[in-house]
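How do pairs of helices pack against each other, and what are their contacts made of? The report below takes up these points for the following model.

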Amino acid sequence: MEKIMTLEQAVGLIKDGDTIWINSFAAVASPVELNKALTKRFRETGSPRHLSVYSPFSFSDWREDSDVEGYICEGAADKVVIGFFGSLKRTQKAIMENKIEGYNLPGGIMSHMIRACAMGDEYLFSKIGLNLYVDPEIGRYQLNERSKEELVSHVVSAGGREGLLYKLPKVNIAFLKATFADERGNVSFENEGASIDALSVAQATHKNGGKVIVQVKSLVNRHMPPKSVEIPAALVDAVVVCSDQQQFTTLDGFHEYLCGKYVPTGNILRAFRDEIRSKIGATSARNSLHTAIAKRAFKELHPGQIVNIGIGIPELIAEEVLQHDLLDDISLSVEAGSTGGFPLGGKGFGCAIGPDTILDMARQFDFYEGGGLDMCCVGALQVDAAGNVNGHYTSGKLSGIGGFANISQATKKVVFCCTFTTKGLKGSFDGEKVTIEQEGSIKKFLPNVDALSFSVKNAKINGQSVMYITERCVFVLTDEGLCLTEIAPGVDLKKDILDVLDFEPIIADNLRLIEY
């Protein structure tokens with residue numbers, strides 16, 4: 001069977017009603033050319049229709065008018081099930097305008113779902129999501145009025161274990177991006193920043209009699225060493241050579257330090273970080289107040305730890321580790337699969353410069369959900385008086401849970417990093433003290449959160465240590481609720497903290513100044 005095809009031939013294999021699984025982590029390993037080709041086919045022919053699209057993390061190119069997600073938003077797809085919507089600007093809008101069905105499941109759950117699909121299961125049982133928004137007894141994972149399908153059930157297993165039962169899809173189209181393929185169709189990811197769940201996606205699709213479609217940079221006329229093959233030819237139906245495909249969706253060229261072929265250290269690593277930052281802004285927007293948060297959070301890290309670094313303000317904690325020359329002593333980990341090295345932020349999130357290892361994402365989440373992390377540093381959109389956190393959804397903003405729930409529900413120590421207010425907040429940090437010049441119009445510490453991403457009930461059951469670090473103060477979780485334990489030098493307790501809160505926190509008897 002001839003497997004080498006054009007883009008048009010490959011997307012021509014898709015039929016009405018198919019279920020597509022897109023293997024991607026934002027800008028990492030995203031098969032953008034296949035998605036663009038499907039958009040082109042739909043615009044020219046009006047086919048296929050009634051598609052279902054699954055992806056644990058977003059897969060577009062961050063453009064507001066992106067053709068990567070064009071077919072989804074222009075009538076080809078009936079529903080999407082996505083873990084993180086970050087780069088999917090058009091899809092977010094279509095869901096919020098009630099044009100397509102939209103569902104948000106934890107990214108790590110979706111990673112384990114596709115592996116369970118490959119095993120022939122119909123459901124995935126997991127404790128992750130219990131007592132959170134995805135738990136039907138607590139919240140809602142259906143994102144608009146037209147999203148009626150029940151994908152999750154709250155159950156108690158025969159052994160008395162409480163958890164959630166996730167319904168698995170019957171995937172019959174796989175969209176994958178890899179580096180090389182040989183003429184038989186064996187596939188290698190050796191120049192990619194991650195392989196995500198490529199093998200499981202291919203196995204599940206093949207088992208269902210579907211089509212596994214892979215875009216690659218080039219063909220090789222050699223026998224690939226078996227250990228370099230991520231997907232064997234027996235599972236591959238179509239290989240499309242896209243010679244212009246980028247290693248990284250938002251970054252031109254090939255960078256050997258993003259796929260582990262070269263491991264830079266010291267000033268060389270710093271130079272590469274600055275190079276990427278200048279090209280794609282691979283760090284979220286920052287100011288001196290964010291730096292104050294990161295510097296205080298850094299004090300919680302210790303040599304020998306394995307620490308997950310989330311997107312947003314937590315990215316700056318990685319900067320602190322680098323500046324203190326501790327990258328060899330503290331292993332920074334990202335859910336896309338890397339451990340070690342320096343994790344990128346912003347539009348570069350998911351990759352690391354000079355990682356020690358890059359695992360399949362499901363294996364990374366195995367470790368996370370088993371409680372293997374010593375600590376995680378993640379953001380927060382809202383925090384309530386009890387200490388519950390919303391990290392994925394507010395009115396008018398659909399970011400998606402991503403790996404947040406899988407990471408924060410099982411990690412020994414959880415450090416939330418966020419500003420006290422937002423939208424208009426102005427202030428400064430000079431390295432020693434904080435000055436609040438203008439208060440933000442949106443409060444982050446509220447009597448109740450809009451959606452439950454992190455549950456205090458779970459934290460108490462799991463014996464987790466929990467901190468909430470802002471630019472002006474630090475809270476810790478106690479049995480009675482949030483306890484204010486530290487205040488930043490230069491901050492007024494009454495004016496800048498208590499008068500801004502809509503609830504009364506516990507104030508520690510030994511309230512102390514933050515040390516940076």
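## Basis of the description

A crossing is called left-handed if the near helix is turned anticlockwise from the far one by less than a right angle, and right-handed if it is turned clockwise. The model is a predicted one, in which local features need pLDDT of at least 70 and side-chain atom pairs count only at pLDDT 80 or more, while totals for chains, interfaces and linings use all residues. Residues are numbered from 1 along each chain as its sequence is written, and side-chain values use heavy atoms, with hydrogens and water left out.

## Helices H5 and H10

H5 passes H10 in a left-handed crossing. The axes (lines fitted to C-alpha atoms, for helices over the stretch in contact, with angles from 0 to 180 degrees between N-to-C directions) of H5, residues 107-118, and H10, residues 361-369, come within 9 Å and cross at roughly 120 degrees. Helices here are DSSP runs of H or I with at least four residues, numbered from the N terminus.

The contact (heavy atoms within 4.5 Å) involves Gly 107, Gly 108, Ser 111, His 112 and Arg 115 of H5, together with Met 361, Ala 362, Arg 363, Phe 365, Asp 366 and Glu 369 of H10.

## Helices H8 and H9

The axes of H8, residues 288-298, and H9, residues 315-323, come within 8 Å and cross at roughly 60 degrees, and the crossing of H8 and H9 is right-handed. On the H8 side the contact is made by His 290, Thr 291, Ala 294, Lys 295, Ala 297 and Phe 298, and on the H9 side by Leu 316, Ile 317, Glu 320 and Val 321.

Key: Helix = DSSP H or I, 4+ residues; strand = E, 2+ residues; numbered from the N terminus.
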